[in-house]
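Here is a short note to read beside the model. Take the points in order, and find each residue as you go.

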Amino acid sequence: MHDKTIGEIEVRIKRLEAEIEILEGSLERLERTPNKFSPKPKNDSKYYLIFMALWLIAGTGILAYLSSSGIIPGAIKVPLLPYLLIAFTFLLSGLAYVLWERSQGKYSDQRGDIEEKIRSANLVIKHFYVPLKRALEENDFAALKKLAEALLNDPILSRAVERTGEGDPKRMAYALYLYTSYGPEMKEEVVELMETLNNRALRSLLNELIDKGQSQRL
């Protein structure tokens with residue numbers, strides 16, 4: 001009875017498994033990149049470099065002021081250019097270090113994003129599609145209702161469903177509730193829901209109700 005819907009479920013499971021395989025390959029490539037994700041001790045040297053640069057610039061400015069105002073005797077020549085060069089060297093070194101640390105953080109964020117996608121895909125397979133397939137094979141309405149409740153009340157599952165692009169958890173739960181309590185008077189609700197339901201497996205499941213009603217009238 002549910003051959004088409006079960007077929008849609010199996011297709012989606014295979015697609016998610018293929019996506020997991022691709023993501024795991026990307027993660028392995030990232031992890032092979034040397035020193036990208038190894039924990040690094042906190043390093044404040046960049047702040048010292050920037051502080052020293054600012055201190056030298058300020059000191060050079062004071063020396064220039066004292067020299068031009070005559071407070072420092074004219075016979076004493078203060079070479080300002082070397083101080084400025086050293087100061088800007090410290091400043092640029094500090095800024096370069098800050099930019100490098102930010103780039104390292106982006107690699108770390110990328111790894112975390114890939115790992116989260118893998119977890120979400122595995123979770124959707126294990127806690128949504130596999131139970132859905134089993135419930136339909138066994139024609140277990142209680143299991144379908146339990147799955148609908150999980151979509152509504154389990155924030156981890158609902159976020160995983162959204163993250164993998166499987167649809168809106170609330171609409172998916174509504175589809176399961178409609179299926180388990182369907183009567184001819186609910187056809188309009190089913191048709192209306194199918195217009196906004198993105199999950200192909202559940203669309204197929206609801207379509208069974210409409211096809212069944214049409215065949216009964218014939």
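**Notes on a helical model**

1. Start inside helix 3. Asp113 and Lys117 are four residues apart there, so about one helical turn separates them. The two form a salt bridge, and their closest N and O atoms are 3.5 Å apart. Asp113 counts as partly exposed, at 31% relative accessibility. Lys117 counts as partly exposed too, at 33%. The pairing extends to another residue: salt bridges that share partners join Asp113, Lys117 and Arg163 into one network.

2. A word on the source. This is a predicted model. Please keep that in mind at each point below.

3. Now the overall plan. The chain has eight helices and zero strands. Read from the N terminus, its elements run α-α-α-α-α-α-α-α. The chain has 218 residues, and 32% of them count as buried.

4. Stay with salt bridges for a moment. Side chains of opposite charge can pair when their charged atoms come close. How many salt bridges does the structure hold? The count is eight.

5. A second pair sits in helix 3. Arg111 and Glu115 both lie in that helix, four residues apart, which is about one turn. Their side chains meet in a salt bridge, at 3.2 Å from N to O. Arg111 is partly exposed, with a relative accessible area of 26%. Glu115 is partly exposed as well, at 24% relative accessibility.

6. Next, a bridge of longer reach in sequence. Which residue forms a salt bridge with Arg12? The partner is Glu166, and the closest N and O atoms are 2.5 Å apart. This pair links distant parts of the chain, 154 residues apart. Arg12 is in helix 1, while Glu166 is in the loop between helix 5 (155–163) and helix 6 (169–180). Is Glu166 buried or exposed? Glu166 has a relative accessible area of 3%, so it counts as buried, the cut-off being under 20%.

7. Look at the loop between helix 5 and helix 6 again. Thr164 has its place there. Thr164 is buried, with a relative accessible area of 12%. Its side chain reaches the backbone oxygen of Ala160 at 2.8 Å.

8. Another buried residue is Glu208. Glu208 has its place in helix 8, which spans residues 200–217. Its relative accessible area is 13%, so Glu208 counts as buried. What joins the side chains of Glu208 and Thr5? The answer is a polar contact of 2.7 Å.

9. Turn to the surface. Glu185, Glu188, Glu189, Glu192 and Glu195 gather there in a patch of negative charge. Take Glu188 as one of them. Glu188 has its place in helix 7, residues 187–194. With a relative accessible area of 63%, Glu188 is exposed.

10. Check one backbone angle. Most residues other than glycine have a negative phi, and most peptide bonds are trans. Asn139 has a positive phi, near 50 degrees, and is a residue other than glycine. Where is Asn139 found? Asn139 is in the loop between helix 3 (80–137) and helix 4 (141–153). Asn139 is partly exposed, with a relative accessible area of 48%.

11. Compare sequence and space. Glu24 and Ile114 are 90 residues apart in sequence. Their C-alpha atoms are 7.9 Å apart in space. Glu24 is found in helix 1, residues 3–32. Glu24 is partly exposed, with a relative accessible area of 37%.

12. Do the exercise again with Lys146 and Pro131. These two are 15 residues apart along the chain, and 9.8 Å separates their C-alpha atoms. Lys146 lies in helix 4. Is Lys146 buried or exposed? Lys146 is exposed, with a relative accessible area of 62%.

Terms used:
Residues are numbered from 1 along each chain as its sequence is written. This is a predicted model: local features need pLDDT of at least 70, side-chain atom pairs count only at pLDDT 80 or more; totals for chains, interfaces and linings use all residues. Side-chain values use heavy atoms; hydrogens and water are left out. Helices (H or I, at least four residues) and strands (E, at least two) are DSSP runs, numbered from the N terminus. Buried means under 20% relative accessible area, exposed over 50%, partly exposed in between (1.4 Å probe, protein chains only). A polar contact is a pair of N or O atoms within 3.5 Å; within protein, one must be able to donate a hydrogen and the other to accept it, and residues adjacent in sequence count only if both atoms are side-chain atoms. Patches are made of residues with over 30% relative accessible area and no salt bridge: like charges are joined within 9 Å, nonpolar side chains (Val, Leu, Ile, Met, Phe, Trp, Tyr) within 5 Å. Accessible areas come from the Shrake-Rupley method with a 1.4 Å probe; for residues, only the protein chains shown count as cover. A salt bridge is a side-chain nitrogen of Lys or Arg within 4 Å of a carboxyl oxygen of Asp or Glu. Lys and Arg count as positive and Asp and Glu as negative; His and the chain ends are not counted. The place of a charge is taken as NZ of Lys, CZ of Arg, CG of Asp or CD of Glu.
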